[in-house]
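Could you walk me through this structure with some "how do you know" questions?

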Amino acid sequence: MKFRFAAFGLHLSGSAIALTLVLGAFWLGWYRWPGWYLASALHIVGIVVMVDVVLGPTLTLIVANPNKRRTELARDIAIIVAVQLIALAYGGVTLWRGRPLYYTFSVDRLDLVQASDLAADDIAAGRRENPALAPYWYSRPRWIWAPLPDNPQEAQKIAMGSVFGGTDVIQMPRYFRPWEQGLPELRKHLEKADGMRNFAPGEKRRLKSGMAQLGLAADQANSIVMWGGTRRVVAVFDPGTLRLRALISID
């Protein structure tokens with residue numbers, strides 16, 4: 001058993017280090033709060049952790065028989081490591097494709113935009129027409145304003161298309177503008193905690209409790225919902241400066 005536990009410990013240490021480096025890079029680069037939450041990254045991370053840190057070392061504990069020939073033992077462990085690397089590659093590719101690129105304010109709401117939300121044609125158009133705010137492989141999450149275009153016909157086309165599952169303006173980097181330019185429009189859509197639309201009474205109570213713990217006023221028009229797929233957080237701003245004060249989960 002001493003040999004088995006030694007092999008288990010070495011395998012666990014190596015797996016944990018590799019996983020920490022990969023997930024740490026994603027967290028530091030793209031998945032800080034609220035990115036990991038709104039992008040539902042935890043279920044992908046959970047699968048990778050289960051395979052790489054739990055299943056892999058446990059299988060090594062089972063197959064690490066000191067009576068085996070070294071070539072046979074090396075083969076068994078190589079197979080386990082190969083499965084772990086496949087799981088790690090799957091998780092890495094999935095997290096890369098789903099990495100948060102923008103937190104957008106458009107029309108009357110905040111939305112998370114992930115890399116997988118953007119079509120290649122729209123990315124290319126953004127790089128041609130709006131290179132400063134277009135996404136690149138190294139881009140980290142940015143707060144931007146995504147207004148409808150000034151052309152009424154184009155704006156109507158985008159608005160109607162998004163209703164029927166087409167591309168929305170938050171997926172068109174060529175129309176993005178700096179965050180600061182959208183703050184006067186954002187101010188018009190801030191709400192009090194009790195006035196948040198489509199919030200159940202219990203959700204409003206949790207929101208107000210969270211705001212109170214952070215020393216934020218719940219009786220001021222300072223809040224707006226940010227969506228990421230089916231998940232949401234409430235963004236709370238300073239009503240005077242419109243500086244972001246907090247992002248609160250109520251789900």
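Q: What makes a set of residues in this predicted model a nonpolar core, and which members of the largest one touch the most others?
A: A core is made of buried nonpolar residues joined through side-chain atoms within 4.5 Å. The largest has 25 residues, and Tyr 31, Phe 105, Leu 110, Trp 179, Leu 186, Ile 224 and Phe 237 touch the most other members. Among the elements giving two or more residues to this core are helix 2 (35-38) and strand 1 (100-106). Strand 6 gives the most, with three residues.

Q: Which residues does Leu 110 touch?
A: Leaving aside residues up to four places away in sequence, the contacts of Leu 110 include Phe 105, Trp 143, Trp 179, Ile 224 and Phe 237.

Q: Why is Leu 55 called partly exposed?
A: Good one to check! Buried means under 20% and exposed means over 50%. Leu 55 has 40% relative accessibility, so Leu 55 counts as partly exposed. Leu 55 lies in helix 3 (residues 42-63). Together with Leu 59 and Ile 62, Leu 55 forms a nonpolar patch on the surface, with about 250 Å² of accessible area together.

Terms used. Residues are numbered from 1 along each chain as its sequence is written. This is a predicted model: local features need pLDDT of at least 70, side-chain atom pairs count only at pLDDT 80 or more; totals for chains, interfaces and linings use all residues. Side-chain values use heavy atoms; hydrogens and water are left out. Buried means under 20% relative accessible area, exposed over 50%, partly exposed in between (1.4 Å probe, protein chains only). Helices (H or I, at least four residues) and strands (E, at least two) are DSSP runs, numbered from the N terminus. Contact means heavy atoms within 4.5 Å. Patches are made of residues with over 30% relative accessible area and no salt bridge: like charges are joined within 9 Å, nonpolar side chains (Val, Leu, Ile, Met, Phe, Trp, Tyr) within 5 Å. Accessible areas come from the Shrake-Rupley method with a 1.4 Å probe; for residues, only the protein chains shown count as cover. A salt bridge is a side-chain nitrogen of Lys or Arg within 4 Å of a carboxyl oxygen of Asp or Glu.
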